[in-house]
Amino acid sequence: MEVLEGTKSCHISIFLCSALLLLGVLGPIPAHGRLQIKQKPNPDNAVATARWLVSQNLWGVLSTISSELGGVPFGCRNVVSFSDGLPGEGHGIPYFYLTALDPTARDALKNMSSSLTLSEVPLGSCGKIDPENPTCAKLTLNGKLKLVDVKTPEGKFALSALFAKHAEMKNWPKEHNFQIFKLDIEHIFLIDWFGGPKPLTPYQYFNPGK
Ligand SMILES: *[C@@H]1O[C@H](CO)[C@@H](O)[C@H](O)[C@H]1NC(C)=O
């Protein structure tokens with residue numbers, strides 16, 4: 001029963017998303033910061049492929065420790081928008097704009113453990129290849145989802161990075177108290193070719209070419 005109720009609360013986010021979508025439709029037409037899709041890196045270059053997936057994707061699936069499911073690891077999964085920098089200038093850290101009206105942010109405020117999953121599919125470069133095919137790249141970043149103070153230089157950077165790629169965020173309701181979160185990456189899971197996951201440390205991810 002508890003599980004069922006938890007599932008229901010998690011799905012409230014769907015309604016919230018619909019409300020936001022509607023707002024987007026009714027509000028000013030968002031000048032969506034469509035990224036120029038840069039060439040896919042060579043699959044041998046795991047760091048470049050991971051950074052490419054993060055800088056080119058506009059959204060992913062963010063999973064948190066579900067407080068509503070009694071702490072089930074990654075019991076709440078949600079489609080979220082993110083940005084790691086201005087278009088074409090990815091810095092690798094995913095920033096999010098979340099409201100505690102949604103379980104994802106509520107969970108993160110209770111337990112920061114979380115995981116962001118991205119696929120190459122939305123970028124269009126997988127063509128007709130099945131999303132599960134190893135040559136269609138996929139990335140899961142595990143770490144801590146942390147609040148970022150909007151008044152700090154990092155907060156200001158994150159906000160401009162988010163608004164540059166998600167213009168309608170600027171018009172999201174003030175009373176929903178959207179806050180900036182970032183994923184502090186601790187573990188990286190990348191598949192971009194046959195032969196299993198590529199070993200890739202956060203240090204390598206943030207220091208390409210080292
Ligand atoms: C967060 O959740 C994980 C997985 O359930 C657990 O191992 C960890 O102890 C929790 N951390 C806190 C601060 O509650």
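Two strands count as paired here if DSSP finds at least two bridges between them. With that settled, I opened the predicted model and started on the sheet.

**Entry: the sheet.** I traced six strands in an open sheet, and the order reads β2-β1-β4-β5-β6-β3 with antiparallel pairing. I then looked for the edges: β2 (72–81) and β3 (95–98) each pair on one side only. I also noted the twist, which averages 35° from one strand to the next.

**Entry: β4 and β5.** I picked one pair to follow in detail. Residues 113–119 make up β4 and residues 138–148 make up β5, and seven antiparallel bridges join the two strands. Which residue of β5 is the bridge partner of Leu118? I found Leu139 there.

**Entry: the helix across the sheet.** Next I turned to α3 (residues 103–110). This helix lies across β1 (59–66), β2, β3, β4, β5 and β6 (179–191). Against β1, α3 runs at about 50°.

Phe74 has a positive phi of about 55° and is not a glycine. Is Phe74 buried, exposed or partly exposed? I have it as partly exposed, because 18 other C-beta atoms lie within 10 Å.

Asn177, also not a glycine, has a positive phi of about 50°. I found Asn177 in the loop between α4 (153–165) and β6. Asn177 has 11 C-beta neighbours inside 10 Å, so I logged Asn177 as exposed; the cut-off for that label is 12 or fewer.

Technical notes. Residues are numbered from 1 along each chain as its sequence is written. This is a predicted model: local features need pLDDT of at least 70, side-chain atom pairs count only at pLDDT 80 or more; totals for chains, interfaces and linings use all residues. Helices (H or I, at least four residues) and strands (E, at least two) are DSSP runs, numbered from the N terminus. Axes are lines fitted to C-alpha atoms, for helices over the stretch in contact, and angles run from 0 to 180 degrees between N-to-C directions. Two residues are in contact if their C-beta atoms, placed from the backbone, lie within 7 Å. A residue is buried if 20 or more other C-beta atoms lie within 10 Å of its own, exposed if 12 or fewer, and partly exposed in between; C-beta atoms are placed from the backbone.
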